[in-house]
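Here is a short briefing to read alongside the model. Please keep the structure open as you go through the points.

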Amino acid sequence: MQLQSGLGKRYLLDMPMMYQACEVKNELDKVNRIYSILGGKKAGLITKIQTKLMQVRDIKGSIKNLKANMVLDDIELFEIKSFALVSYEILQLQAEFETTLIEIPDLNSVISILDPENNKIPSFYIYDAYSRELARVRKEIKELKAAIKANPEKHTDQNLEALQSHSEEVEAEVRAEICEKLYPYASELENALNQVAHLDVITAKAILAESMAFTRAQISESGTEYKAMFHPQIRETLALSKRNFQPINIRLNHSVCFITGANMAGKTVILKTLALCQYLLQFGFFVPAQSAQIALVDRILVSVGDDQSEQNGLSSFASEMVKINEMVEASIQKEIVLVLVDELARTTNPTEGRAIVNAVAEIFNENQTLSVITTHYSGLDSRCRKLRVKGLDKEFKPGEINKNNINDYMDYSLIEDDATKVPHEALRIAGILGINHQIIEKANKNLLKPEGFEIKEEETKSYI
Amino acid sequence: MPFIKEIEKYKSLSIVGLEKNTGKTECLNYVLSRLSDSTKQIALTSIGVDGENTDVVTQTHKPEIEVYEGMIFVTSELHYQKKQLVAEVLDVSTQSTSLGRLVTAKAKSSDKVMISGPASNVAIKDLISQMRNFNVDITLVDGALSRKSLGSPAVTDAMILATGAALSANIPQLVYKTNYTYDLISLKAVDDESKERLLPIQKGIWAINDEGNLIDLEIESVLLIEKAKDRLFKQGNRIFVNGAITDKFLNFLRVQKHIKEIEIIVRDFTRIFASPETYYAFIKRGGSIKVLQKTKLIAVCINPVSPDGYCLNSDELKQAMEDKLKLPVYDVRKLAN
């Protein structure tokens with residue numbers, strides 16, 4: 001992201017996740033204002049604003065001191081003046097657009113307090129113009145110094161010291177007066193600082209959206225749907241080797257959605273992209289998709305990857321169950337969550353695993369929890385929606401595909417699937433990946449053995 | 001004094017003392033007072049801290065630097081707060097030094113200020129180029145040759161050396177030592193192309209082979225040369241050393257058979273920490289040293305008084321120095337008038 005100021009960076013990092021539709025909409029409206037300008041003739045003005053944003057200084061500390069009624073030093077006053085001037089210039093640039101990008105308070109009064117000679121340059125000191133007394137004393141000091149230089153024996157240093165200390169006193173008084181005059185503007189300054197930081201962030205968001213082809217999502221009341229959703233990071237990596245990322249369409253309701261499919265068919269990426277889009281929306285960004293209607297949630301619960309840890313005393317299964325437990329509890333409490341689980345219960349024996357998957361799915365369905373579960377298990381609860389990744393749909397000549405080009409032959413799109421059995425592509429994929437063919441041969445033989453038959457019969461019996 | 005005219009030709013000038021109490025600050029004050037009359041915009045800073053009221057080590061009175069109305073100066077926040085003169089803040093740096101951020105200000109009256117500028121070469125170079133934004137014609141840098149400083153005054157175009165009795169209470173010795181520094185400053189620079197390629201290299205020892213390629217010898221410094229002696233000349237006889245050159249290193253090189261073909265390249269003359277004897281012996285045997293950054297020495301200032309109170313004969317010293325260096329030499333105490 002192209003943030004121009006440290007201030008902007010901090011604003012972005014401090015931004016909370018938004019849960020209210022109106023909050024999200026507000027932020028997206030602002031981003032949209034800039035986004036629409038970027039495509040038009042006035043795009044150059046945005047670059048000018050960015051240049052100004054680069055000059056913004058973080059004066060939080062000085063404002064705090066001002067609010068506490070403390071007297072600021074020359075350097076702090078310089079920084080406040082410099083900020084007020086930049087802020088004013090940004091305001092003027094904004095005026096050239098039809099709509100206001102963001103409300104920034106007019107700090108002209110602050111500028112005039114710190115610019116008694118009306119120079120409008122970003123430099124500061126306690127100007128002579130502030131006080132006639134000060135101007136007078138300074139002049140006297142100068143004359144006295146010149147006289148001392150011309151005639152060192154005639155004058156003593158005492159006069160000079162007295163004058164200098166008087167000058168310092170007057171300066172201090174003037175400084176205190178300046179700070180008193182600025183005091184009422186402290187909250188406006190704070191507001192301006194905040195708004196300018198916000199402007200930096202929304203500009204960066206808009207530019208990000210434009211460069212990565214993100215779009216503005218609509219907030220939905222019922223379910224979530226994406227058209228041509230993609231994972232921006234993976235897409236960029238693929239582009240480096242001149243490959244394309246196949247964007248996919250997906251619709252989710254407030255219920256369970258299973259995703260099955262061969263290995264390497266992109267199921268985990270789908271989950272990660274769903275999580276990414278949800279977070280992006282709720283932090284006020286545009287999303288990586290051609291169009292999107294997204295339901296807002298209070299939490300996103302994800303279980304992808306292995307949290308096995310000898311340190312915590314948890315095995316793969318245990319750590320997964322802990323996560324699933326959190327999800328189930330949230331579901332039972334009827335919390336508004338998005339649940340994403342990769343290969344639920346793969347960490348234990350298939351019979352119990354499948355039972356767990358169905359149990360969890362039942363609970364999610366009962367509580368209308370927006371959830372996506374990927375799995376390899378067959379015999380899933382038929383009441384649940386099932387999507388399948390197409391995968392290696394066609395027939396290929398042996399040796400045509402290998403582990404380096406397998407991604408080019410994959411069809412990553414999702415189709416609704418009613419079949420009770422999941423695709424059995426594992427051995428086929430393993431073969432393509434170049435795994436030692438002994439494994440493939442022996443495994444294939446095992447599938448045809450009598451025990452294999454028995455298991456199959458059981459499968460079909462219990463899930464009709 | 002004629003050397004002021006000479007100064008005005010350069011964009012940056014450093015005033016460097018060979019030893020503490022050699023009159024560097026008096027020299028700087030003199031230069032500033034003379035430049036205050038000129039129409040040029042002057043900027044002033046220092047490498048690291050300077051301007052202590054009394055020299056902590058020797059307890060001799062150290063005057064602070066006198067800044068004139070209209071001059072731009074760059075000092076740390078800490079010292080800016082303590083100033084007595086009236087000054088207009090022009091800029092505050094975003095980076096911090098150990099004494100706070102650097103404040104660039106324009107003096108609105110004349111008075112003494114403590115100047116503490118950036119401490120690294122990169123920072124000083126940046127500062128000098130930033131001064132262009134304020135229409136500065138010449139930047140003066142109060143320099144230091146101490147080993148503790150990361151910044152080398154050789155980043156400026158020109159230099160004035162301050163030397164004196166503090167370095168040695170014996171005139172021939174003093175001339176000899178000063179002449180040594182002068183010879184180092186006069187070392188030839190490498191060609192522009194090599195300079196461009198070597199400048200960004202921040203550490204280690206590299207060789208330049210016959211085809212002109214740069215090869216990292218993977219020797220961290222000359223202090224670790226013991227273990228790597230055999231590797232040193234495998235790739236050629238032109239060696240670039242990033243860090244310091246020591247007596248030990250030069251002595252090692254001196255006894256090599258192919259000494260006449262050896263060329264050592266250093267960043268600038270301040271990286272040579274060898275004694276004059278070792279250095280001259282190395283040169284006599286046919287070795288050569290070149291620098292990346294060369295600065296021009298335009299004058300030498302002498303302070304005949306040592307911190308112990310010993311006073312050398314000013315005229316004698318001045319004459320001996322001028323004869324040896326063939327450069328204008330000025331007595332700082334006489335300059336003040």
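Helices here are DSSP runs of H or I with at least four residues, strands are runs of E with at least two, and both are numbered from the N terminus. Counted that way, chain A holds 17 helices and ten strands. Its radius of gyration is 33 Å, well over the 23 Å that the globule rule gives for 464 residues, so chain A is more spread out than a compact globule. Please bear in mind that this is a predicted model.

**Chain A as a whole**

- Along the principal axes, the C-alpha atoms of chain A fill a box of roughly 120 × 50 × 45 Å.
- Of the 464 residues in chain A, 34% are buried.
- Among contacts in chain A with a separation of 6 or more, 74% join residues 24 or more positions apart.

**Chain B and its two domains**

- Chain B is divided into domain 1, made of 2–186 + 295–335, and domain 2, covering 192–291.
- Eight residues from domain 1 of chain B and six residues from domain 2 of chain B take part in the contact between these domains.
- On the side of domain 1 of chain B that touches domain 2 of chain B, six residues are nonpolar, one is polar and one is charged.
- The centres of these two domains of chain B are 30 Å apart, again over C-alpha atoms.

**Where the chains meet**

**Nonpolar cores**

- In soluble globular proteins, nonpolar side chains tend to be buried together.
- The largest nonpolar core in this model has 196 residues, and those with the most contacts inside it are A:Cys277, A:Val287 and B:Phe73.
- Helix 9 (residues 186–212) of chain A makes the largest share of this core, with 13 residues.
- Another core, of five residues, lies apart from it and includes A:Ile126, A:Tyr130, A:Leu134 and A:Val137.
- Beyond its neighbours within four places in sequence, B:Phe73 is in contact with B:Ala43, B:Leu44, B:Thr45, B:Val67, B:Ala105, B:Ala107, B:Val113 and B:Ile115.

**Helix 2 of chain A**

- Helix 2 (residues 21–38) of chain A has 18 residues and reaches 25 Å from its first C-alpha to its last, close to the 26 Å expected at 1.5 Å a residue.
- Which residues of helix 2 of chain A are buried? They are A:Val24, A:Glu27, A:Leu28, A:Lys30, A:Val31, A:Ile34, A:Tyr35 and A:Ile37.
- These buried residues of helix 2 pack against helix 3 (43–54), helix 9, strand 1 (218–220) and helix 11 (267–282) of chain A.

**A closer look at A:Val339**

- A:Val339 sits in strand 7 (residues 337–341) of chain A.
- Is A:Val339 buried or exposed? A:Val339 is buried, because 24 other C-beta atoms lie within 10 Å and the cut-off for a buried residue is 20 or more.
- Leaving out neighbours within four places in sequence, the contacts of A:Val339 are A:Leu301, A:Met327, A:Phe364, A:Thr369, A:Leu370 and A:Ser371.
- A:Val339 and A:Val256 are 83 residues apart in sequence, while their C-alpha atoms are 9.1 Å apart in space.

**Positive phi in two loops**

- A:Ala213 has a phi near 60°, a positive value in a residue other than glycine.
- The loop between helix 9 and strand 1 of chain A holds A:Ala213, which is partly exposed with 14 other C-beta atoms within 10 Å.
- A:Lys334 also has a positive phi, of about 60°, although it is not a glycine.
- A:Lys334 is found in the loop between helix 12 (316–332) and strand 7 of chain A, and A:Lys334 is exposed, with 11 other C-beta atoms within 10 Å.

Conventions
Residues are numbered from 1 along each chain as its sequence is written. Chains are lettered from A and ligands numbered from 1 in the order in which they are written. This is a predicted model: local features need pLDDT of at least 70, side-chain atom pairs count only at pLDDT 80 or more; totals for chains, interfaces and linings use all residues. Domain bounds come from an automatic or database domain assignment. Two residues are in contact if their C-beta atoms, placed from the backbone, lie within 7 Å. Ala, Val, Leu, Ile, Met, Phe, Trp, Tyr, Cys and Pro count as nonpolar, Asp, Glu, Lys and Arg as charged, and the others, Gly among them, as polar. The radius of gyration is taken over C-alpha atoms; the globule rule is 2.2 Å times the number of residues to the power 0.38. A residue is buried if 20 or more other C-beta atoms lie within 10 Å of its own, exposed if 12 or fewer, and partly exposed in between; C-beta atoms are placed from the backbone. A nonpolar core is a set of buried Ala, Val, Leu, Ile, Met, Phe, Trp, Tyr and Cys residues joined through C-beta atoms within 7 Å. The expected span of a helix is 1.5 Å times one less than its number of residues.
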